[in-house]
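Please walk through this structure one part at a time.

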Amino acid sequence: MIDGKDESNFKKASEKFWGTYNNCPVQDLDFTTVSSEQVNPIYTPDDVSELQYDLDLGFPGQYPFTRGVYPTMYRGRLWTMRLFSGFGSARDTNRRYHYLLKHGQMGLSVAFDMPTIMGYDSDHKRSEGEVGKCGVAIDSLRDMEVLFDGIDLSGITTSMTINAPASILLAFYLSAGEKKGSRFDQMGGTIQNDILKEYIAQKSWIFPPEPSMRIITDILAFCSNHVPKWNTISISGYHIREAGSTAVQELAFTLADGFAYVEAGIAAGLDVDAFAPRLSFFFNSHLDFFEEIAKFRAARRIWARRMKEKYGAKDERSLLLRFHTQTAGCSLTAQQPENNIVRTAYQALSAVLGGTQSLHTNSMDETLALPTEKAATIALRTQQLIAHETGVINTIDPLAGSYFIESKTREMEEKAEEYFERIDELGGVVKAIEKGFFQREIGKAAYRYQKEVEAGRKVIVGVNRFRSDDDELEIPLLKIDQRVEEEQKESLKKLRSERDNDKVSRELERLLEAARGAENIMPVILDCARCYCTEGEIIGELKKVFGEYQEPPLF
Amino acid sequence: MGTKIRVLVAKPGLDGHDRGAKVVANALRDAGMEVIYTGLHQTPEMIVESAIQEDVDVVGLSILSGAHLTMFPRVIKLLKEKGAEHIKIFGGGIIPDEDIDRLKEIGVDRIFGPGTDTGDIIGYLKEQFKE
């Protein structure tokens with residue numbers, strides 16, 4: 001019996017199908033995914049003959065969580081609609097936050113500018129020309145207070161896309177909440193804080209890997225004791241994918257990073273169940289609709305299995321791969337930008353069908369600038385349309401049992417496992433980074449993709465096919481005022497003249513000592529934050545102890 | 001058959017997005033050019049020093065962070081000060097159309113924006129430096 005069908009009838013029909021199919025002309029296309037993975041013309045019960053519902057799928061909220069991390073999924077609660085936002089000054093961004101909340105956004109997500117991301121104050125030489133351009137400029141607790149003016153930090157969750165200086169921005173956030181009357185244990189949110197993927201893909205590092213991992217384990221310990229609702233790491237594949245990796249590489253490298261953090265936490269003496277429940281993930285939702293859905297499902301199953309079988313996690317929450325998704329920025333085009341609304345919609349849909357907990361949808365103008373209010377509104381409405389009009393939330397994991405989806409899910413899991421073996425052979429993630437393994441794999445995939453586009457084997461609508469004669473841009477773009485940089489510099493001068501500089505010196509001295517020793521640096525960083533040390537000043541002390549990372553310029 | 005065109009592909013400022021720069025560097029190398037890649041987080045001073053030391057014909061700056069109106073002029077100014085005005089400049093990344101005009105005014109030869117075919121960059125460089 002195959003799936004309720006008579007086996008010999010099935011065989012006959014199958015042979016007939018293939019006989020016909022192989023004699024029909026097909027289009028001159030590769031029929032591959034955007035990651036260049038083969039896709040078969042048809043999937044049948046044969047492709048899932050080894051699938052066992054209870055072992056491989058389970059029910060939502062049950063091991064191995066392939067069908068979803070929670071029993072009710074979107075029937076219980078929708079994913080959080082959370083648009084990544086930030087530009088100019090804290091005041092500018094605060095205005096955008098209020099606007100988005102008014103229009104139905106459910107959680108906040110902070111985009112910082114490059115100086116903040118790299119640990120420089122707005123008045124540093126390296127910050128010239130960069131202040132407020134890619135995100136919001138945050139130099140101190142004071143800026144953070146302005147950023148969340150009028151927002152109750154115990155009533156909303158906030159995700160902060162910050163990595164090397166994550167400890168500091170977390171301290172600014174917690175202090176801002178504290179000043180407004182929230183307790184640490186009331187505050188929920190996420191810091192990206194995934195330094196391993198910085199060396200691999202996003203490249204916004206400060207210190208070398210070893211001290212960076214120490215900072216992270218300090219954060220894990222601190223938050224598990226004091227900020228229980230905080231997601232301490234958002235283990236990310238998004239940036240790995242944006243850098244040009246395939247879907248399998250995104251899946252494998254992200255999970256490998258996750259395992260590395262688990263091992264680091266355990267090595268630092270923490271009980272796995274004390275910190276693992278607050279590890280979260282962040283994936284890309286790219287162009288190939290079904291490949292992405294399979295990827296999300298494979299991710300959940302791989303994580304659950306490893307956490308249970310290899311790391312001995314006992315608390316079920318340690319087994320849950322909870323994730324945020326962002327639609328693929330690298331898939332958007334500058335040509336015919338309205339097409340990006342459609343791309344984003346399809347990508348958002350696959351993230352929902354893949355069971356995401358939180359979702360950011362890109363705006364159509366993001367190949368050219370940070371989003372305008374109007375473009376961001378359309379991005380938010382895209383999610384609301386999926387949630388409230390399409391009906392896809394009515395049932396959980398609707399594609400389960402699809403011969404195609406289950407076959408692809410298993411295939412991606414198997415290919416990820418192959419990568420885990422290779423990484424182990426190289427000595428683990430950190431060693432593999434030092435050897436340039438991930439960077440080379442990603443670079444090769446990016447180059448191959450470009451070649452396929454230029455050969456016309458991969459179509460980009462509006463770019464290498466279906467071009468418009470008149471590509472004149474007709475949408476307004478957001479411009480960042482040059483005055484932002486000047487105003488930030490003025491603010492810093494004022495801050496430094498108004499604060500207790502003796503206290504600042506003393507706290508920075510304490511920080512240096514803590515960094516040199518083995519004490520958890522989070523409480524000290526909090527004290528620095530509270531007396532208005534700037535980010536650059538704090539990073540400056542840490543650089544003295546930890547040094548700076550440099551990458552060999554390979555390509 | 002002349003000597004190889006020498007290209008410095010550079011990432012100025014704090015921008016860490018190197019996918020495009022690396023794809024272009026590979027394409028130019030495959031097309032027979034001598035390519036040096038600076039790596040990330042370069043100051044204009046570091047870029048100009050590399051350009052002169054490596055005796056390149058042309059520098060390609062890749063900027064996606066919005067800092068182009070600060071970075072390009074500084075690189076051009078430094079090249080002039082160091083007597084290396086002969087080194088041409090081109091670029092790519094996220095640069096709005098109106099800023100492209102401004103960049104051209106100060107001496108940036110070409111900007112290759114999103115959706116560029118690497119063949120166009122190769123063709124442009126070969127045209128610029130033919131015997």
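Which residue in β2(B) is the bridge partner of B:Val7? The partner is B:Val35. The model is predicted, so local features need pLDDT of at least 70 and side-chain atom pairs count only at pLDDT 80 or more, while totals for chains, interfaces and linings use all residues. Residues are numbered from 1 along each chain as its sequence is written, and chains are lettered from A and ligands numbered from 1 in the order in which they are written.

Strand β1 of chain B covers residues 6-10 and runs parallel to β2(B), with four bridges joining the two. Two strands pair if DSSP finds at least two bridges between them. Strands (E, at least two residues) and helices (H or I, at least four) are DSSP runs, numbered from the N terminus.

These strands belong to an open sheet of five in chain B, with parallel pairing and the order β2-β1-β3-β4-β5. At the edges stand β2 (34-37) and β5 (110-112) of chain B; each has a single partner strand, so one side of each is left without a neighbour in the sheet. On average, neighbouring strands of the sheet are turned by 20 degrees against each other, direction ignored. Axes here are lines fitted to C-alpha atoms, for helices over the stretch in contact, and angles run from 0 to 180 degrees between N-to-C directions.

Helix α1 of chain B, residues 19-30, packs on this sheet and touches β1, β2, β3 (58-63) and β4 (88-93) of chain B. Its direction makes about 160 degrees with that of β2(B). Two residues are in contact if their C-beta atoms, placed from the backbone, lie within 7 Å. Helix α3 of chain B, residues 68-81, lies across β3 and β4 of chain B and runs at about 165 degrees to β3(B).

Next comes the interface. In it, 29 residues of chain B are in contact with 32 residues of chain A. On the chain B side, α1, α3 and α5 (118-128) are the elements that give two or more residues, and α1(B) gives the most, with five residues.

Chain A holds 22 helices and ten strands. Its radius of gyration, taken over C-alpha atoms, is 24 Å, close to the 24 Å that the globule rule (2.2 Å times the number of residues to the power 0.38) gives for 555 residues, so chain A is as compact as a globular protein of that length.
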